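Biologist: Before we discuss this chain, could you put the model up and settle the terms as we go?

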Amino acid sequence: MKTGVLLMAHGSPDSIDQMGDYLRHILVRKPPTDEVIADFQDRYRQIGGKSPLLEISQRQAAALQAKLGMPVYVGMRHWNPFIKDVVEQAKKDGIERLIGLPLAPHYARVSVGAYQRELENTGIPYVAVRSWHLEPALLDYWREVTRGKNFVLYTAHSIPAGDAEPYPTQLAEMVKAVATGPHAFAYQSKSAAPMPWLGPEIPEVLPSLSGTVSVAAVGFVSDHVEVLYDLDILHRKQAEERGLVWERLAMPNDHPLLIEALAAATKKALG
């Protein structure tokens, strides 16, 4: 059976002109207002007009393909290239089975679970990687970039609190495995949906901090708007207004240790 790997992520628009269609694809139950669309367009303008997520994901795929010696594809849930379209291309390439590998190390039903449901709906046989947050190479990456820092603030995307497990537990496991000195944890990037979300959020943690804060966004693996805007612009401003020095640490992106972690997760799925 010819097998390939499908790296899956949230997706982002190619330009700010596509923002309305992009947000309407995400916010199906309550379509975005013109004000919400304009707000997100402004965020993207401040990071250069687009997110580098797709380009980084494609570099990750190319590096993983070279390491594994098997086809690796990239599919997104909310924008091109959509998961269903990528699977169709994989079938044309003779792929009979896919390893569904999320570009998010921790399992959450609302994110990784949704990617897997999209893959399941295509009908192709697949093996799902639920989580890979404790892969040694991934832990080594974050140990390396946090080494020698006086204080580290670990962050991850907040999700609705209802039925959130195992997401918060897996994040706590990862931070425990990485942290060697003074640190804290906070969630970020909560949406405006009127429901309880996981906390504490970054603004709630900032008052307890002092000096230099080194920020490790361990809930993500790539630079994208939640990192480049939420952390680098929004929360940096909040921190500096409190007299803090805000140092956001480099994301794994296509670092060899990240590729090693992805390869290890794939090999485990293959058996």
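Modeller: Contact here means heavy atoms within 4.5 Å. This is a predicted model, in which local features need pLDDT of at least 70 and side-chain atom pairs count only at pLDDT 80 or more, whereas totals for chains, interfaces and linings use all residues. Residues are numbered from 1 along each chain as its sequence is written, and side-chain values use heavy atoms, with hydrogens and water left out.

Biologist: Among contacts between residues at least 6 apart in sequence, what share joins residues at least 24 apart?

Modeller: The count takes in contacts in the protein chain between residues at least 6 apart in sequence. Those joining residues at least 24 apart come to 78%.

Biologist: What radius of gyration does the protein chain have?

Modeller: The radius is taken over C-alpha atoms, and the globule rule is 2.2 Å times the number of residues to the power 0.38. For 271 residues a compact globule would be near 18 Å, and the protein chain agrees with this, having 18 Å.

Biologist: What percentage of the residues is buried?

Modeller: Buried means under 20% relative accessible area, exposed over 50%, and partly exposed in between, with a 1.4 Å probe and protein chains only. Of the 271 residues in the protein chain, the buried ones make up 51%.

Biologist: Is G243 buried or exposed?

Modeller: G243 sits in the loop between α9 (225–241) and β8 (245–248), where helices (H or I, at least four residues) and strands (E, at least two) are DSSP runs numbered from the N terminus. Because its relative accessibility is 59%, G243 counts as exposed.

Biologist: What distance separates the C-alpha atoms of G243 and Q18?

Modeller: G243 and Q18 are 225 residues apart along the chain. Their C-alpha atoms are separated by 37 Å.
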